Amino acid sequence: MKAILGSEVAVRGLKYLFRFPVGLCGLWAALLYFACTVLLRANVVKERILADPQYPSLPYLKYSLCSFVGFTLAKMLMLTTLSPLVESFVRVSAEGDVATQIKERTRKLVVSLWTFCVHSSFFAWSLVLLLPQPWFVPLLFSLPTAHTQRVEAVAAMWTNYPYLSHVPMLHVFLMIQLGYYLHSLFATLVEARRSNFYEMMLHHAAGAILIFLCFFQNTTRVGALVLVVHDSSDIPLSLLRCVVTTKYSKLMTVTYIATVISWMYLRLYVFPTRIIWDSLMRPLLYKSVQWTEAYAWLGQICLLSLLLVMHCYWFSQLMKAAKVYVSTGDPVDVNEDDKTFSFKQPKGVQPTKLASAGAQQQAPTAPPAEEETKKEA
């Protein structure tokens, strides 16, 4: 718990630092440095490509560009087509402008459904690619006591590095994921700025640079593990956001418990112990992979550590949301701008359909004295 609170303080400090031009320039300078670590060793990458035709190369970047355009257009299409269909499911408060709430909450519901579909598709695809690999299941799902099994899995993972055996379609999978991260970065920049703007900018930029480093260092297996952890834990989180946005808040307990369990295991346990330590740091410390071959691994470890800090921060936000719900009975998404909206309905008042709530207005009733005057006339 102290680590989670400490990470929350650290991320908040970074957020306020990035509000200033110096902080933003420092962030981008650090990320570009990690990217240039690969670019400055372009001759090494070129030698590896000549020695192994299956080594990751620049032509694969076309998949990221195509997926960036595809994800952007698909999201716009989904917002246009689904928004009129889901308006009646959105929850609104008794206070505030109903029409504004309908518009904002409908958009958030569609975006949550969009992220659920994307992460579910990516997770299913990653399982198809990685389940046949002998190192996948022992690294992510073995018991903490299965130390020998994990050591053997890591050894099999890095055999003959940097000329690893080719996993079919893994390079394409990473490039399409890179396109999605670029799309998310672009959407964060052009859409209405939210309270978590700086955290999301940092997350998307770090994720894109990390995929780039993993690709050209041929640590695509680590990159795939990172994406599996993120996609699988984002599925229940997207469902939770959908439930909070709609009137079916009774399902919130189930989705919340699923989100907390997945985050605790995947992002707070598997991510630091199985990916950062077992997959990257252990091979370097025990010299199963030489430092001269892993010249950009340090940048990957730094970016993964940054993501770990952000995981702890967001988990503390999940705990904060639970505290708010227990104390007030109000299901609030603490990471969103509209947390001032109360989703509680007054006692004795049933929630109405939003389509009719936005269109119908209560007609002003005439005072009793005026009614009697009309009757006499």
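Let's start with arginine 282: at 15% relative accessibility, this residue counts as buried, where buried means under 20% relative accessible area, exposed means over 50%, and partly exposed is in between, with a 1.4 Å probe and protein chains only. Its partner is aspartate 278, and the two side chains meet in a salt bridge at 3.2 Å, N to O. By salt bridge I mean a side-chain nitrogen of Lys or Arg within 4 Å of a carboxyl oxygen of Asp or Glu. Aspartate 278 also counts as buried, because its relative accessibility is 4%. Both residues lie in helix H11, four residues apart, about one turn of the helix. An α-helix has 3.6 residues a turn, so residues three or four places apart point the same way.

A word on what you're looking at. This is a predicted model, so local features need pLDDT of at least 70 and side-chain atom pairs count only at pLDDT 80 or more, while totals for chains, interfaces and linings use all residues. Residues are numbered from 1 along each chain as its sequence is written, and side-chain values use heavy atoms, with hydrogens and water left out.

Now the overall picture. The protein chain has 14 helices and zero strands; here helices (H or I, at least four residues) and strands (E, at least two) are DSSP runs, numbered from the N terminus. Of its 377 residues, 49% count as buried. Taking contacts (heavy atoms within 4.5 Å) with a separation of 6 or more, 79% are between residues 24 or more positions apart. The chain exposes about 19,200 Å², and carbon and sulfur atoms supply 68% of that, with areas from the Shrake-Rupley method and a 1.4 Å probe; for residues, only the protein chains shown count as cover.

Back to charges. How many salt bridges does a search of the whole structure find? It finds six. One of them joins lysine 75 to glutamate 191, with the closest N and O atoms 3.2 Å apart. That pair links distant parts of the chain: lysine 75 is in helix H4 (residues 61–86), glutamate 191 is in the loop between helix H8 (170–190) and H9, and 116 residues separate them. Glutamate 191 also meets arginine 107 in a salt bridge, at 3.1 Å, N to O. Arginine 107 sits in helix H5 (residues 98–130), 84 residues from glutamate 191.

Glutamate 191 is partly exposed at 27%, and arginine 107 is partly exposed at 29%. Through shared partners, salt bridges join Lys75, Arg107 and Glu191 into one network.

H9 is mostly covered, with 19 of its 20 residues buried. Just after H9, asparagine 218 takes a positive phi of about 60°.

Last stop, helix H7 (residues 147–157). Arg150, Ala153, Val154 and Met157 are buried there. Seen down the axis of H7, the buried residues fall within an arc of 100°, so they line one face; the arc is that of the directions from the helix axis to the C-beta atoms. The face turned away carries the exposed residues Thr148 and Glu152. What covers the buried residues of H7 includes helices H6 (136–141), H10 (220–245) and H11 (252–285).
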